[in-house]
Amino acid sequence: MRITQSMLSNNMLLNLSNSYAKLDTYMNQVSTGKKINRPSDDPVIAMKGINYRSQVSEVDQYLRNTNEVHNWMDNSDAALDKATQTMQKLRELAVQASNGTYDEEERENIKKEAEQLKEHLIDIANTQVNGKYIFNGTNTTEPPYADGNFTANLDKVSIEVAAGTKLQANVNGEDVFGNDLFANIDTFINQLGEGDQAGIESSIETLDGGINQIINARADLGARMNRLELVENRLSEQKIIATSTMAENENVDYEEAITNLITQESLHRAALSAGSRIIQPSLVDFLQ
């Protein structure tokens, strides 16, 4: 097979073109820090990258969901704490009023304070967070205490915090303010106004029952808050692993990329030098 000057020139141009393409690839890797810039550069890396990004996005969404659950639980816990303090104060008033030495005026002052505490407890039962009534189940647009009665929606507010895992974000209002809690407080207030000493003494035990049910509801909430913390820790670990795997798949090894770039530059110069020698001089070169 006869090798012509034209063949040598075409081969040299083809090789130089391939060399320029490699230089462009290595330059892009060094400047962007990514192994590929287009899916066509490496479809396998591109497809894996899509999957890894989906995993990271999914974990991020679950973490945002846990923040919403935290919002419900933290506000519910704060409200239950205030409700417990209010009920304990009512019990203290009942203990004071059970003292037979208190006269009518002193019991009247206790009655006024008890009425204010009841109003405060109503405000707690109707606690709103971001415009939502947190003690009325899924019926978050209406207050559970209205027209002198407490009637709570019993449906759970469940939020997905992991694949196939949902947590109840709310506290069942009936567990906290049910069992005639407000009716028992009204009875205690009426007994103060009537001077019913025996009734006032018996109200202490009734108020204790109300305190206990609030404490029990808060204990249940605390257990769910602990579980939420465990879920958050697991999600954080999953995000770290997914992000690290995505980086390993997409991010370039700078040491290797720079070495490849320098090597390719040397090869390119060598190809240019060799090509300039192989191509035969033309008549123009002799005329010069």
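**Largest pocket and overall fold**

In this predicted model, the largest pocket is lined by 13 residues, with Asn149, Phe150, Asp180, Phe182 and Ala183 nearest its centre. A pocket is an open set of points on a 1 Å grid over the protein atoms alone, where a 1.4 Å probe fits, with protein on both sides within 12 Å along at least five of seven lines; lining residues have an atom within 4 Å of a point. The space in the largest pocket is about 160 Å³, taken as that filled by probe spheres set on the points. At least two lining residues each come from strand E4 (149-150), helix H4 (173-177) and helix H5 (181-194). H5 gives the most, four residues. The lining comprises six nonpolar, four polar and three charged residues, where Ala, Val, Leu, Ile, Met, Phe, Trp, Tyr, Cys and Pro count as nonpolar, Asp, Glu, Lys and Arg as charged, and the others as polar.

The protein chain contains eight helices and six strands, assigned as DSSP runs (H or I, at least four residues; E, at least two). Their order from the N terminus is α-α-α-β-β-β-β-β-β-α-α-α-α-α. Of the 288 residues, 35% are buried (under 20% relative accessible area, 1.4 Å probe). Of the contacts (heavy atoms within 4.5 Å) between residues at least 6 apart in sequence, 73% join residues at least 24 apart. The accessible surface (Shrake-Rupley method, 1.4 Å probe) is about 16,900 Å², 49% of it belonging to carbon and sulfur atoms.

Residues are numbered from 1 along each chain as its sequence is written. Totals for chains and linings use all residues of the model.

Notes: This is a predicted model: local features need pLDDT of at least 70, side-chain atom pairs count only at pLDDT 80 or more; totals for chains, interfaces and linings use all residues. Side-chain values use heavy atoms; hydrogens and water are left out. Buried means under 20% relative accessible area, exposed over 50%, partly exposed in between (1.4 Å probe, protein chains only).
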